[in-house]
Each structure stands twice: as C-alpha cells, then as structure tokens.
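I set out to record how the secondary-structure elements of this model are arranged. The entries below follow the order in which I looked things up.

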Amino acid sequence: MGRVRFLTAGESHGPALAATIEGIPAGLPLAEEAIAADLARRQRGYGRGARSTSIEQDRAEILAGVRHGLTLGSPILLLIRNRDWVNWTRVMQVEPLTDEGAAELAGMADAGEKKAAPITHLRAGHADLAGAIKYGFSDVRNVLERASARETAARVAAGAVARALLAQLGIDVWSFTAEVGGVAADPANATRSREEAEASPLRCPDAGAEERMIARIDEARAAGDTAGGVFQLAATGLPIGLGSHVHWDRRLDAALAGAVMSVPIVKGVEFGLGFEQTRRLGSAVMDVIEGRDAAGEWARRTNNAGGLEGGISNGQPIVIRGAVKPISTLPRPLPSADLVTGQAVEKGHYERSDICVVPAAGVVAEAMVCLTLADFLLDKFGGDSLAETVDNVTRYRERAAKGAAPSPLAGPGAAPGRTPRPGGAAPAESE
C-alpha cells in the first residue's frame, strides 16, 4: 500500500488486538461508535460459534491520532481487548516461564486442560504444518494464534476508519451473502432492502434462499462438518480514474483482488461476471458505452466488467464476489499426523469452531476494499486535510462531467474526427 498503510498485531488468545493506520487526512470525524458497528457486523451470522456470539464483544479503543473527535493526520492506533484473555493468561503469557510456571502448565495439561498442552496434531487446511516448518516451531500454537481469523477483527476496525473517509466522498461499500453450501440467492427474488438484509441471520437479500442456506448449515452442524459459500460486494460512488494501466502494481483490480484474497478463508475472487465471461462471446460480455447523460455521467448498458477496465475504475459500481471455503477446523476432525514424530494420528487438533462464516467474511472483505480504495483515492487526489481532499475530488468530478479537453495537437477550427498534424496543420483533403 502507498499513501494509506496499516498493520495489525496480536494473537487470538492474547491480551488484545491492535491496528495502526497511517495516511488518513486530518479533520475526518471519527468516533468509536462507528467502528463498533462494523465490529458487531463481523461477529454476527447464523453458524457462528460461542466465542463470536457470546464470549467476545468487540469494541475498538482509539488511543492515538484523534483529538476532540477529529483525526490529526498522524497515525491512528486502535486497540481491541480480548475478553477471553483471562482464561489464557498462563498459556499465552509474554514473560518467560519460570520453573513454577512450567510446572503449573504441565499440571493443567495433566488435569485435562487441552489448551495448556503443546499442540502437535496438525490440522489440514490451516497454516499449522507450513507455518511450523517455516519458523521452526515444535508447538503449533505459535502458528495458529496469529493465523487465526480472530486477527481480522483488527482489520475490520482499520477498515471502518477508511469507510469513514470514503463516506465523506460519497463512496459506499457493502456486501451480502450470495451463496452457502451450494444454495444460491436468486437476484430476481432479492426483494429485501439493505436494512432488512443486514438484520437477517445471514445478511441475505433473498429470504427464501436464506431459509435453505440455514437448513444447509444445520445439516453440516449435525454431520460435524462445516459449510462455505460466496459473498458479493459492491463499491458505489467512485469516480472514473482510480488505478492505472501503465504499470502492473498500479492496477486497481489487481490491488483489490489481492486485498480480498488476503482474507484467510477466501479462495477465489471474481469481478463482475468473472469466470462466466469465459462462457460467452465477446459481444455478449463487453459493456456498451451509450454516451454521457445530462449530468455528465457516462452511461453503460451493462456492468459485466464489474466497474473496472484496464486496471482503472470506470465510474460504474465495482462488483466483487469472493469464494469462501468451508472452515478448516471441523467439529469431527479428520485424520492427520504429528508434527514432532511425523507419524499418522487418528485425528487433528480441535478447540472450537464456527460452522459457517460467509457473512463475516463479507464484512472483512468490505474492510479490505475500503482500505484499498482509500489508498488509491489519496494517491490520486492527495490532501493533508479532509477539506483539501474533498475539494480536489469535487473539482476533478466537475472537470470529468464537462468532458475531455481538446487535444493540444488540434489547431483552431480543426474538424472533429480528423487526424491533426504536428504543429496544428490541417490534413490535406486527399487524406
């Protein structure tokens, strides 16, 4: 990332999670309540486990970068305390273990507290084996505590800051659940409003499909299994021109794809029609440009490209679909192997698990998209203060609504559509 950068820190069962966001202009109104709203959305959803629904009640404290409700232009520090930390203080303590502490942990393990024992039974689908080998660990807890999706709470908090900035520029980002376990929402039946969908168990605009999705989650739960699905996300209100075609690392589509794929459970990303484009002929895929309307906005017949052409936003909604794999931690663990001995074991490690997290994955993807769009917006429009950024965007939109300026190569009185010559000389009639 360039202008807007963020880092998260913290372990799943450690004292807290933290996020630092740099590059947000000064003067942006920011309150903890706005961040709390997105954190709550991340925790909801049918199929979530006990930690998300009852143990943790996430709230981010703003510890730096804000004064009297307005950002200062300096790094913003957010802290989310883990309520479950009180049950893991010895297991996850920062200080070196004394002989007494080690004996206490061993006693806890002997008494049947699994969390006190080193984890060596690997879990398929997780970072357990790869992470342990990469960093030289003999206890997989050193990997899973950071690889845990719990880290995404800090991302959502950071994303809420970026969302506040985008809102000041008339840009909105929202996702909904499009599919769970092979049961897909039907756009023709998506009659719920955004508010109604948000209040529903799976954040789905198709009530009938949601009922069948819930039944599929119940089937997975009864079988000791998990269910994946698809979320769909749209970013609206974006100006034409974010990103660039001139270098691979300045393409907005590539950055957005990487941001969404960074959500641990996401295994595929599509823009607009996505892979469906490969099954159609070109004439049925391209978004016909119909010209500019009275407001100066460019109109299209369709949005199959998902709002992106040549790595640049084209003024239409950016539409992204994310494929969410079934959760890797199964209530009925699969056979596995032991990290230390390398021998097969009857089943992998299990602590607790959700059954389905598609709605939550959509919220995390929203956060990553908000952060990416904020970065590209500020890269193009700059501004050390919110007022400066808003002014820059406003003037750009006004210029764009007036149309492209004449080519400097076109001399006075040059006819439209005729090729100019260097110096402005009109082409000969024979040309």
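**Entry 1: a loop residue**

I began with T98, which I found in the loop between β6 and α3 (99-110). The model is predicted, and I read every value below as computed from it. Is T98 buried or exposed, or does it fall in between? Its relative accessible area is 43%. Buried would require under 20% and exposed over 50%, so T98 is partly exposed. I then looked up the separation of T98 from D110, which lies 12 residues away along the chain. Their C-alpha atoms are 18 Å apart.

**Entry 2: the four-stranded sheet**

I next traced the sheet that contains β6. In what order do its 4 strands lie? I read the order as β1-β2-β6-β3, in an open sheet with antiparallel pairing. The edges are formed by β1 (5-9) and β3 (60-64), each of which pairs on one side only. From one strand to the next, I noted an average twist of 20 degrees.

I also asked what covers this sheet. Helix α1 packs on it and touches β3 and β6 (76-81). The direction of α1 makes about 140 degrees with that of β3.

I then went through the pairings one by one.

- β1 and β2 (residues 16-22) are antiparallel and share 5 bridges; here I found R5 opposite E22 of β2.
- β2 and β6 are antiparallel and are joined by 6 bridges; L17 faces I80 of β6.
- β3 and β6 are antiparallel with 4 bridges between them; I62 stands opposite L78 of β6.

**Entry 3: α1 against α6**

I recorded the passage of α1 by α6 as a right-handed crossing.

Which residues make the contact? On α1 they are A34, I35, D38, L39, R41 and R42. On α6 they are T152, A153, V156, A157, A160, V161 and R163. Sorted by class, I have 8 nonpolar, 1 polar and 4 charged residues in this contact.

**Entry 4: β7, β9 and β15**

I turned to strand β9 (residues 229-236) and looked up its partners. It runs antiparallel to β7 (residues 172-180), to which 8 bridges join it. Within this pairing I found W174 opposite A234 of β9. β9 also runs antiparallel to β15 (residues 318-324), with 7 bridges between the two. The bridge partner of V230 in β15 is A323.

**Entry 5: α10 against α11**

My last entry concerns α10 (residues 358-381) and α11 (residues 386-402). How do their axes cross? They come within 10 Å of each other, at a crossing angle of roughly 80 degrees. Because angles of 65 to 115 degrees count as roughly perpendicular, I describe α10 and α11 in that way.

The contact involves L378, K380 and F381 of α10. From α11 it takes in T389, N392, V393 and Y396. By class I noted 4 nonpolar, 2 polar and 1 charged residues.

How values were computed
Residues numbered from 1 in each chain as written. Predicted model: local features only at pLDDT ≥ 70, side-chain atom pairs only at ≥ 80, totals over all residues. Heavy atoms only, no water. Left-handed = near helix turned anticlockwise from the far one by under 90°. Contact = heavy atoms within 4.5 Å. Nonpolar A, V, L, I, M, F, W, Y, C, P; charged D, E, K, R; others polar. Axes fitted to C-alpha atoms, helices over the stretch in contact; angles between N-to-C directions. Parallel < 35°, antiparallel > 145°, perpendicular 65-115°, else oblique. Pairing = 2+ DSSP bridges. Buried < 20%, exposed > 50% of the residue type's maximum accessible area, 1.4 Å probe, protein only.
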